[in-house]
Amino acid sequence: MRQKQTLNREGAADLSLNFVRFLALDGERFTRFQQLTGLDQDSVMNQLKSQDENFLGQILDYALSDESLLLEFAAGEGLDPTMIALARSKLPGFWQDS
């Protein structure tokens with residue numbers, strides 16, 4: 001029987017930061033992220049330093065928008081891919097059908 005996974009807001013923020021590290025480890029992935037978001041490296045770093053939860057949520061939106069990238073990240077972290085969606089739901093700006 002599989003145990004239900006839970007995640008709080010702090011864990012969701014940490015997961016978002018781990019995803020940025022994952023992107024930064026591959027110059028091509030990070031460059032694509034910058035091109036699609038319009039953010040340069042300094043802007044990304046400033047947003048991360050401010051620990052803006054809205055930005056951290058947007059990072060997870062980016063992760064969720066690319067299934068192959070999401071699956072690669074989840075596998076590397078040893079996570080069930082659904083944890084990324086759960087993490088996104090814990091941060092501001094999450095929209096869900098009622």
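Is Phe30 buried or exposed? Phe30 is buried, with a relative accessible area of 11%. Buried means under 20% relative accessible area, exposed means over 50%, and partly exposed lies in between (1.4 Å probe, protein chains only).

The model is predicted, so local features need pLDDT of at least 70, side-chain atom pairs count only at pLDDT 80 or more, and totals for chains, interfaces and linings use all residues. Residues are numbered from 1 along each chain as its sequence is written, and side-chain values use heavy atoms, with hydrogens and water left out. pLDDT is the predictor's confidence in each residue, from 0 to 100. The chain averages 88. A score of at least 70 is reached by 90% of the residues. Among the elements, H5 has the highest mean pLDDT (96) and H3 the lowest (88). Where pLDDT is low, the predicted coordinates should not be read in detail.

Now the fold. The chain has six helices and zero strands. Its pattern along the sequence is α-α-α-α-α-α. Helices (H or I, at least four residues) and strands (E, at least two) are DSSP runs, numbered from the N terminus. Of the 98 residues, 34% count as buried. Contact means heavy atoms within 4.5 Å. Of the contacts with a separation of 6 or more, 69% join residues 24 or more positions apart.

Take H4, residues 53-64. Its 12 residues should span 16 Å at 1.5 Å a residue, and its end C-alpha atoms are 16 Å apart, which agrees. The expected span is 1.5 Å times one less than the number of residues. Phe55, Leu56, Gly57, Ile59, Leu60, Tyr62 and Ala63 are buried in H4. Their cover includes H1 (9-24), H2 (27-37), H3 (41-50), H5 (67-77) and H6 (82-89). At the start of H4, a side-chain oxygen of Asp52 comes to within 2.9 Å of the backbone nitrogen of Asn54.

Gln51 is in the loop between H3 and H4. Gln51 is exposed, with a relative accessible area of 61%. Its phi is positive, about 55 degrees, although Gln51 is not a glycine. Most residues other than glycine have a negative phi.

Next, the aromatic rings. A search of the whole structure finds six aromatic pairs. The rings of Phe19 and Phe22 have centres 5.7 Å apart and planes at 35 degrees, so this pair is tilted. Rings of Phe, Tyr and Trp (its six-membered ring) pair if their centres lie within 6.5 Å; planes under 30 degrees apart count as stacked, over 60 as edge-to-face and the rest as tilted. Phe19 and Phe22 are three residues apart in helix H1, and therefore separated by about one helical turn. Phe19 counts as buried at 0% relative accessibility. Phe22 counts as buried at 11%.

Phe30 and Phe33 form a tilted pair, 6.0 Å centre to centre with 35 degrees between the planes. They are three residues apart in helix H2, about one helical turn. Phe33 is buried, with a relative accessible area of 1%. Ring pairs link Phe19, Phe22, Phe30, Phe33, Tyr62 and Phe73 into a cluster.

Phe22 also has a charge over its ring. The charged end of Arg29 sits 3.8 Å from the ring centre of Phe22. The criterion is NZ of Lys or CZ of Arg within 6 Å of the ring centre and within 35 degrees of the ring normal.

Gln34 also lies in helix H2. Gln34 is buried, with a relative accessible area of 18%. Leaving aside neighbours within four places in sequence, Gln34 is in contact with Leu39, Asp40 and Gln41.

Note on methods:
A polar contact is a pair of N or O atoms within 3.5 Å; within protein, one must be able to donate a hydrogen and the other to accept it, and residues adjacent in sequence count only if both atoms are side-chain atoms.
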